[in-house]
Amino acid sequence: MIEVYYYLPSNEIEQAVECGIKLSRWFDKEVLIRGESKKCLSALLNPKDDPGRYRSGQYRCVKLQLLSNYCFVADKYLYDAGLHYPGIMKLYEESVVPVEEYIFGSYRLPECLVTSTVVPGQISLLDKRLDSPVLFSSSEELYVNNIIEAYKEAHQDFNDTLLYYFYCRLAQMGKVDKMEDDKKKIAIFLDRENRKSFTVKIPDMEDY
């Protein structure tokens, strides 16, 4: 069994807990899975992955305990982009994996595709205060942190690289002044508003 999360309008909660969530009513997309088009209900691996509904009084979150063979994980960011760029929808379909094969942090916004009706005994109301803790604050944060940590392990100057290109962008926007010492490979950025300076090593991108 796996545990995933799903948001319902507040006025639908009581009926869902008592009667279940019918796939025929609540499915929100049809996805090609293992060569077959399947109706899917899109759930979450982390209730905070939908911050708008997490904080909303109009929706309540339920916890679903499901058999893994009816669940797949895909990258929702690719789906949303694929609605406007058909070529990306192919990447979305290729991102679909069985839930037990998904490695946390692999997708920026993973969604759990539930391909069956959810029966009443599999549904419970999430209690944000007392329920089992989620191991990470959000999937997006975990995804970004994983990428940054991987580059930091491979390149000792990665923090300088991030800062350098961040401040270069601010310089392009006219928010800071940039001065560079090419011999010492040092860049100084001066915040025009508070006259505070920041010294950053100029990265050697040939090492990446």
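Visitor: Which residues does alanine 43 touch, not counting residues up to four places away in sequence?

Guide: Alanine 43 touches Val4, Tyr5, Tyr6, Glu111, Cys112 and Val114, where contact means heavy atoms within 4.5 Å. This is a predicted model, in which local features need pLDDT of at least 70 and side-chain atom pairs count only at pLDDT 80 or more, while totals for chains, interfaces and linings use all residues. Residues are numbered from 1 along each chain as its sequence is written, and side-chain values use heavy atoms, with hydrogens and water left out.

Visitor: Why is alanine 43 called buried?

Guide: Buried means under 20% relative accessible area, exposed over 50%, and partly exposed in between (1.4 Å probe, protein chains only). Alanine 43 has a relative accessible area of 0%, so it is buried. Alanine 43 is found in strand 3; strands (E, at least two residues) and helices (H or I, at least four) are DSSP runs, numbered from the N terminus.

Visitor: How do you know how many disulfides there are?

Guide: A disulfide is a pair of cysteine sulfur atoms within 2.5 Å, and by this rule the count comes to zero. For cysteine 19, the nearest cysteine sulfur, that of cysteine 61, is 19 Å away. For cysteine 71, the nearest is that of cysteine 112, at 4.2 Å, and cysteine 71 is in no disulfide.

Visitor: What makes cysteine 19 count as buried or exposed?

Guide: Its relative accessibility is 51%, so cysteine 19 counts as exposed. Cysteine 71 has 1% and therefore counts as buried.

Visitor: What is the nearest side chain of opposite charge to aspartate 49?

Guide: That side chain is lysine 48, 9.5 Å away. A salt bridge needs a side-chain nitrogen of Lys or Arg within 4 Å of a carboxyl oxygen of Asp or Glu; Lys and Arg count as positive, Asp and Glu as negative, with His and the chain ends not counted. Aspartate 49 is buried yet has no salt bridge.

Visitor: What joins the side chains of aspartate 49 and serine 139?

Guide: A polar contact of 2.6 Å joins them. The term covers a pair of N or O atoms within 3.5 Å; within protein, one must be able to donate a hydrogen and the other to accept it, and residues adjacent in sequence count only if both atoms are side-chain atoms.

Visitor: Which residues have the most contacts inside the largest nonpolar core?

Guide: They are Tyr6, Ile21 and Leu64, in a core of 24 residues. Such a core is a set of buried Ala, Val, Leu, Ile, Met, Phe, Trp, Tyr and Cys residues joined through side-chain atoms within 4.5 Å. Strand 1 gives the most to this core, with four residues.
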